[in-house]
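Subject: Structure handover

Hello,

Here is the structure I said I would pass on. My notes on it follow below.

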Amino acid sequence: MIDKATDFRSDRIGSALRDENPTVMRRLDAGFAVIGDVQFLPGYSILLTDEPGVERLSDLPRPRRLAYLADMDRLGEAVERACRAADPAFRRVNLEILGNQDAFLHAHVWPRFDWEPEHLVRKPVWLYPPDHWRDERYALGPRHDAIRAAITAELDALR
């Protein structure tokens, strides 16, 4: 059971600001590039806003909004470069700002691969079965250190 009082997932942005979020790869200009909790598509990353209380992109003043979108572009390109180098079956990157489940501004960066099931490869990742979101075999772990390091290196190269 997760202790909500001490688990970084109960306050992802606050824990990132306090340097207590272990998924943070880099602080960017308007947010934090983090590796996703699930890795059924290796390299899945998220851009968190660095402003607690911001729920949607339109909550930011235009300069911060543009900085956030520039960070999203940078993270997307970093994931693309790292995944292309790591897996010849890399296909593309999908970028999404949804906010349907978590009420804070965040953008999903999903790498897509040719080895994905035919019935899912051209569909939104949200159609993957529920076990992909909860099963330990897809959870972020040490086996993802190489792709995480590669994404971080690409973020630094794109600075």
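Buried residues make up 45% of the 159 residues in the protein. Please keep in mind that this is a predicted model.

Overall layout

The protein has four helices and five strands. Read from the N terminus, the order of elements is α-β-β-β-α-β-β-α-α. A compact globule with 159 residues would have a radius of gyration near 15 Å, and the protein agrees with that because its own value is 15 Å. Along the principal axes, the C-alpha atoms fill a box of roughly 40 × 40 × 25 Å. Of the contacts with a separation of 6 or more, 55% are accounted for by residues 24 or more positions apart.

Surface and charge

I13 is found in helix α1, which spans residues 12-17. I13 has 5% relative accessibility and the cut-off for buried is under 20%, so I13 counts as buried. Leaving out residues up to four places away in sequence, I13 touches L48, T49, D50, E51, P52 and F104. From I13 to R26 there are 13 residues in sequence and 13 Å in space, C-alpha to C-alpha.

D19 is found in the loop between α1 and β1, the latter covering residues 24-27. D19 has a positive phi of about 60° although it is not a glycine. The relative accessible area of D19 is 71%, and exposed means over 50%, so D19 is exposed.

T152 lies in helix α4, residues 145-157. With 12% relative accessibility, against a limit of under 20%, T152 counts as buried. The side chain of T152 reaches the backbone oxygen of R148 at 2.9 Å. Which residues is T152 in contact with, leaving aside its neighbours within four places in sequence? They are M25 and R26.

Regards

Terms used: Residues numbered from 1 in each chain as written. Predicted model: local features only at pLDDT ≥ 70, side-chain atom pairs only at ≥ 80, totals over all residues. Heavy atoms only, no water. Helix = DSSP H or I, 4+ residues; strand = E, 2+ residues; numbered from the N terminus. Rg over C-alpha atoms; globule rule 2.2 N^0.38 Å. Buried < 20%, exposed > 50% of the residue type's maximum accessible area, 1.4 Å probe, protein only. Contact = heavy atoms within 4.5 Å. Polar contact = N/O pair within 3.5 Å; in protein donor to acceptor, adjacent residues only side chain to side chain.
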